Amino acid sequence: MTHSAPMSDTVRMMTGAREQQLIEAANLLLDARRTYTPIADLPPELQPVDLEEVARVHEVIAIAYEEIGGWKIGAGTPEATPFFAPMPRAWMASSGVVLTGPRYRYRRLEAEIAFLIGEDLPPRASPYTRAEVVAAIASCHPAIEELESGLIDPKAANPLSALADLQMHGGFVYGAACPDWQSLDFATEHVTLAVDGSVRVDRTGSNTSGDLMRLLPYLANQGAARTGGLKAGQWVTTGSWTGNTPALPGSHADVCFDRAGRVNLRFA
């Protein structure tokens, strides 16, 4: 799930009363997920009014989930400003994982390309160049982002409420590293997403951000105030190639990129 509205590069100051409301919003979303009792929406007075407030809710939620294993980032169009959210380390797994339990209620799937960071990129005064960021990447992988929500129907809720709920992040599953990934032409890369052997999505060059490699320098530079800088061992997944596809309990999902490789998961 991406958003095209701009967000400033620095953290905005807000009143103590508003800060408390956003903390309350984060706690409502956390409780909805933890107790498996989704809510229709945040109360109107607690709904974020812009992306700055969405990011503040993310920060509160991230503390509750402890170690951050990486970041999901995307842009709705090639011209849109990217937006990102944290991914808890506890929600990450390798291909072939079985996702089980009541936490997996919404079960929407997105095929993505992800990168494993191999070197720290701490905040600094001069922006990192694209070449520096690429050099810090350890490997490139096919991935599935599994979407979940503390909202009953995120599409029926305030869009900023859905974004505040970790951009509906529910899980991250990665496949084997793609050899010689620097030679990949993402504009022509082809992908299929199949559920129980039936191809649901078949697309080429379909990442909505256009040049998906622009997302990583953005995260390393403009995003550093919120991420604290990218760190070795973190993952960055770069947005959906397939929209989001529903799956039923017990179903098996398989994503296949022509060159980037394949990744699969199953719901118990």
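**Figure 1. Secondary structure and overall size of the protein.** Six helices and 13 strands make up the secondary structure of this predicted model. Its radius of gyration is 18 Å, close to the 18 Å that the globule rule gives for 268 residues, so the protein is as compact as a globular protein of that length. Along the principal axes, the C-alpha atoms fill a box of roughly 50 × 50 × 30 Å.

**Figure 2. Packing of helices H1 and H2.** H1 spans residues 16-34 and H2 spans residues 51-64. Their axes lie 9 Å apart, at an angle of about 55°. The two helices are therefore oblique to each other. Their crossing is right-handed.

**Figure 3. Residues in the contact of H1 with H2.** H1 contributes Arg18, Glu19, Leu22, Ile23, Ala26, Leu29, Leu30 and Arg34. From H2 come Glu53, Arg56, Val57, Val60, Ile61 and Ala64. By class, nine of the contact residues are nonpolar and five are charged. None is polar.

**Figure 4. Confidence of the prediction.** The average pLDDT of the protein is 94. A score of at least 70 is reached by 95% of the residues. Over residues 2-11, pLDDT stays under 50. For this stretch the model has 30 contacts beyond four places in sequence. Where pLDDT is low, predicted coordinates should not be read in detail.

Notes. Residues are numbered from 1 along each chain as its sequence is written. This is a predicted model: local features need pLDDT of at least 70, side-chain atom pairs count only at pLDDT 80 or more; totals for chains, interfaces and linings use all residues. Side-chain values use heavy atoms; hydrogens and water are left out. Axes are lines fitted to C-alpha atoms, for helices over the stretch in contact, and angles run from 0 to 180 degrees between N-to-C directions. Helices (H or I, at least four residues) and strands (E, at least two) are DSSP runs, numbered from the N terminus. Angles under 35 degrees count as roughly parallel, over 145 as roughly antiparallel, 65 to 115 as roughly perpendicular and the rest as oblique. A crossing is left-handed if the near helix is turned anticlockwise from the far one by less than a right angle, and right-handed if clockwise. Contact means heavy atoms within 4.5 Å. Ala, Val, Leu, Ile, Met, Phe, Trp, Tyr, Cys and Pro count as nonpolar, Asp, Glu, Lys and Arg as charged, and the others, Gly among them, as polar. pLDDT is the predictor's confidence in each residue, from 0 to 100. The radius of gyration is taken over C-alpha atoms; the globule rule is 2.2 Å times the number of residues to the power 0.38.
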